[in-house]
Number of protein chains: 2
Amino acid sequence: MSKKFSKEPLRGMKDFYPSDLRKVRWIEELIGDIANLYDYEEFESPLMESIDIFAAKSSEELVNEQSFIVEKKKGTRLILRPELTPSLARMVARKSQELKRPIRWYSNPVCFRYERPQRGRMRSFQQVNFDILDETSLYAELEMFQILIDILTSFGATSKQFQIYYNNRRLVDAVCKIMLGIPEKDLSKVYKVIDKSEKMNEQEFKDFLKESFKDARICDGIVKLKGVNNLDELVQCFENVPQEFYESIGYKEITELENLIRDNEIVSYCSLNFSVVRGLDYYTGTVFELFDTGSKNIRSICGGGRYDDLLSLFSNEKITGVGFGMGVLMLSLFLETYGLIPDYIGEKDYTDTIYIASINEKVSSYAIKISKLLREEDLPCIVDYRFNNLKNQLSKAGDIGVLITLILGPKEMELNKVTVKNMKTEEQKIVNLEDLVDEIFEIIDYFGDTEE
Amino acid sequence: MSKKFSKEPLRGMKDFYPSDLRKVRWIEELIGDIANLYDYEEFESPLMESIDIFAAKSSEELVNEQSFIVEKKKGTRLILRPELTPSLARMVARKSQELKRPIRWYSNPVCFRYERPQRGRMRSFQQVNFDILDETSLYAELEMFQILIDILTSFGATSKQFQIYYNNRRLVDAVCKIMLGIPEKDLSKVYKVIDKSEKMNEQEFKDFLKESFKDARICDGIVKLKGVNNLDELVQCFENVPQEFYESIGYKEITELENLIRDNEIVSYCSLNFSVVRGLDYYTGTVFELFDTGSKNIRSICGGGRYDDLLSLFSNEKITGVGFGMGVLMLSLFLETYGLIPDYIGEKDYTDTIYIASINEKVSSYAIKISKLLREEDLPCIVDYRFNNLKNQLSKAGDIGVLITLILGPKEMELNKVTVKNMKTEEQKIVNLEDLVDEIFEIIDYFGDTEE
């Protein structure tokens with residue numbers, strides 16, 4: 001025997017057998033419904049892009065360490081997209097003049113990151129993206145939160161089970177510059193420090209801080225900030241808060257966003273959290289992440305924010321955007337944790353599938369003719385091509401779990417009749433071919449499950 | 001200004017804007033319906049696989065010249081799948097014991113081939129696959145043909161517009177060995193020669209033949225064979241046809257398949273064509289391709305065949321399969337050629353989308369509350385966040401093409417009322433909030449398009 005290859009998929013990649021995929025499709029369908037209710041239109045961009053656009057705006061780590069690179073010609077490096085937003089920006093820039101504003105788009109791309117696989121993190125993963133572009137007001141952020149809440153609650157999740165944690169980079173900037181005296185050029189270092197902190201214990205974080213910023217006052221300030229969960233706490237961290245801070249754009253934006261959250265009654269779903277800054281470079285204003293409040297799923301289910309300058313990679317046009325990416329796998333783990341995926345979703349419903357069994361091969365064309373007739377009536381059919389040993393065919397039909405089996409023999413064929421067997425009651429009935437469809441629908445209506 | 005990156009997608013890749021994608025989704029949905037009617041279950045395999053499984057069974061050219069390769073660790077080469085079937089075989093081998101037989105699966109993967117882009121051929125492309133495994137009889141082939149015919153005819157195509165051309169590698173083998181005396185080891189060379197011939201003119205083909213086979217009798221034989229379009233013609237190519245040929249498996253299979261085609265009345269859709277052999281190494285029996293009969297689309301829309309040994313890469317189990325891959329792009333070009341994609345498919349239907357305009361920002365929460373209420377009734381909503389200049393908002397609603405716009409002002413909010421504007425008749429009506437949904441459905445039922 002020749003050498004055998006592994007049957008397993010590559011590390012960090014997943015096979016979706018039909019029962020796995022049914023769950024994914026069920027989740028995607030519901031998200032698609034929400035997209036439709038908010039008038040987000042679906043688009044698709046290619047899986048590969050030039051590496052430059054990600055190198056310019058996403059994150060150094062993402063491009064240098066975590067990417068899958070294809071090199072077809074010397075010097076031309078293509079990247080399997082680690083995320084969608086730069087491609088979205090490219091596509092919008094490309095047809096900017098033709099697109100109605102605000103642009104509301106969604107997509108469900110496969111993305112790739114070369115990282116150590118762990119619960120909820122694969123090297124190849126599906127990530128639903130929603131983006132609204134050219135809406136400068138904070139109602140754009142509100143709409144994103146509403147969409148997230150609608151998605152989660154439509155699966156049956158409650159505000160006890162998930163929270164949207166938001167922050168604002170301009171607020172972080174104001175705090176750092178005005179209260180901590182951190183120079184402009186070091187601000188991106190602050191984001192990196194805070195973003196990394198989630199993967200460290202307290203001591204590691206403090207050491208890492210000390211290494212990044214020599215100044216003890218800055219280090220202490222950042223440690224304090226990380227624990228902040230509302231604006232009052234933030235202000236209380238510091239002895240004297242200068243008026244300049246209250247007049248900063250960051251402070252104004254976060255206050256306005258909190259007003260919108262309160263006025264539109266989604267306050268139970270959202271909290272300010274100063275440790276949310278997001279790892280991607282292109283965010284400029286609001287940033288947010290959605291988490292399971294329990295302890296089973298520690299990675300974020302969704303992350304997003306506002307990006308003001310992303311189109312500048314491609315054109316001189318200035319279009320602002322707010323968007324999020326939601327991992328379908330993380331979402332499904334969350335839903336499973338709280339028992340929100342009904343068992344029946346994984347199983348195929350065979351109620352209206354008609355199994356066609358035949359006594360011998362002489363009736364094969366009759367069997368196929370009937371399958372054709374039934375499919376024209378939107379009834380799925382399986383023809384058993386063994387054409388002998390009726391008992392085996394019926395037992396197979398029973399295994400699959402169909403409600404109705406047709407039995408065909410030379411007599412039936414001669415008289416244009418069909419024996420219809422109700423698999424639930426075991427009743428058999430001979431009907432004329434022209435009455436077959438009515439008979440089938442009668443049985444389905446009476447005996448079919450009414451799950452949905 | 002900083003340097004700008006190209007707005008174009010990479011060569012051979014395509015951006016799908018919402019209007020493009022709607023057409024693709026429409027095509028995919030119809031194919032999904034047919035899959036359901038034949039009880040084919042959807043599965044998905046990862047986009048990347050180890051290169052070995054393709055190198056072993058697909059085709060040398062595919063792996064060495066036409067593939068996108070990722071090398072993450074020295075010596076471990078991953079391939080972006082150029083086709084799906086080896087992954088299907090891996091997945092079936094992996095859970096073979098659990099799967100009900102015959103296995104009927106379908107999938108709609110993105111695949112990648114590094115080739116010169118041309119009409120109908122992109123470097124990244126969607127290819128629908130149908131496969132039936134563990135059905136040894138030729139009814140499996142018949143079912144594939146039926147599925148193809150159902151897909152094409154359900155779009156409105158006729159047998160004048162497309163044909164399935166079939167052949168059988170065992171028949172080719174029998175002809176080559178018995179009639180032309182070609183040794184076993186040179187058979188794969190025959191496939192290659194015939195497969196390549198489609199891209200050559202007559203003289204190039206003859207030269208290429210002479211180079212591959214020195215023997216003039218063999219060369220002449222192959223040239224004659226290529227033009228063969230039915231079994232009678234085939235037999236007439238040779239002076240003496242030995243009984244051995246009529247007893248060969250190839251001859252028996254093709255005869256049996258032709259009987260099935262005749263008995264099941266699909267003869268107008270199918271023709272034998274000796275120049276169809278398929279480029280992939282793993283086919284062992286029937287092979288087929290589906291072509292536009294016209295001159296506009298010269299590349300095959302679909303190709304497939306029977307593979308008896310593909311699982312042997314992964315296990316000692318012997319499971320036979322028949323399947324096909326159909327390019328979604330080629331299919332859509334075919335449909336466009338014959339005007340089979342209705343114009344309205346590319347356009348979004350805004351009939352039941354409610355546009356919410358507001359007189360000023362004081363009513364913003366009222367506007368958002370109403371959008372929530374309507375979405376709960378499955379009505380898509382767009383809230384205009386400008387909250388001023390009603391005229392602009394109404395003109396925007398008109399541009400989009402909604403049927404109904406709601407107008408909200410402080411008076412409406414105070415009295416829990418809404419002004420409903422029918423954009424077709426320009427009529428306005430003030431209704432109580434509790435009557436809003438009924439009013440909306442009344443207008444949609446009366447004035448909505450009844451396209452579907």
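This is a predicted model: local features need pLDDT of at least 70, side-chain atom pairs count only at pLDDT 80 or more; totals for chains, interfaces and linings use all residues.
Good morning. Chain A can be superposed on chain B with an RMSD of 0.0 Å, by a turn of 180° and a shift of 0.0 Å along the axis. The two copies are thus related as by a two-fold rotation axis.

Which residue of chain A comes closest to the rotation axis? That residue is Val70(A), whose C-alpha lies at 2.6 Å. The same surface serves both copies, for 100% of the contact residues of chain A recur in chain B.

Let me turn to the interface itself. In it, 61 residues of chain A are in contact with 61 residues of chain B. On the side of chain A that touches chain B, several elements each supply at least two residues. The helices are H1 (18-37), H2 (51-57), H4 (85-94) and H14 (364-376) of chain A. The strands are E1 (41-42), E2 (48-50), E3 (69-73) and E14 (381-383) of chain A. By class, this side of chain A has 32 nonpolar, 19 charged and 10 polar residues.

Next, the division of the chain. Chain A comprises domain 1, made of 22-44 and 81-343, and domain 2, which covers 350-445. Between the C-alpha centres of domain 1 of chain A and domain 2 of chain A there are 55 Å.

I now come to two helix pairs in chain A. Lys23(A), Val24(A), Ile27(A) and Glu28(A) make the contact from H1(A), and Val328(A), Leu331(A) and Ser332(A) make it from H13(A). The residues of this contact divide into four nonpolar, one polar and two charged.

How are helix H7 and helix H8 of chain A placed, parallel or antiparallel? Helix H7 (residues 187-197) of chain A packs on helix H8 (residues 202-212) of chain A at an angle of about 165°, with their axes 10 Å apart. H7(A) and H8(A) are therefore roughly antiparallel to each other, and their crossing is right-handed. From H7(A), the contact involves Lys189(A), Val193(A), Lys196(A) and Ser197(A). H8(A) contributes Phe205(A), Phe208(A), Leu209(A) and Ser212(A). By class, the residues of the contact of H7(A) with H8(A) are four nonpolar, two polar and two charged.

Thank you for your attention.

Note on methods. Residues are numbered from 1 along each chain as its sequence is written. Chains are lettered from A and ligands numbered from 1 in the order in which they are written. Two residues are in contact if their C-beta atoms, placed from the backbone, lie within 7 Å. Helices (H or I, at least four residues) and strands (E, at least two) are DSSP runs, numbered from the N terminus. Ala, Val, Leu, Ile, Met, Phe, Trp, Tyr, Cys and Pro count as nonpolar, Asp, Glu, Lys and Arg as charged, and the others, Gly among them, as polar. Domain bounds come from an automatic or database domain assignment. Copies are superposed by least squares on the C-alpha atoms of residues with pLDDT of at least 70 in both. Axes are lines fitted to C-alpha atoms, for helices over the stretch in contact, and angles run from 0 to 180 degrees between N-to-C directions. Angles under 35 degrees count as roughly parallel, over 145 as roughly antiparallel, 65 to 115 as roughly perpendicular and the rest as oblique. A crossing is left-handed if the near helix is turned anticlockwise from the far one by less than a right angle, and right-handed if clockwise.
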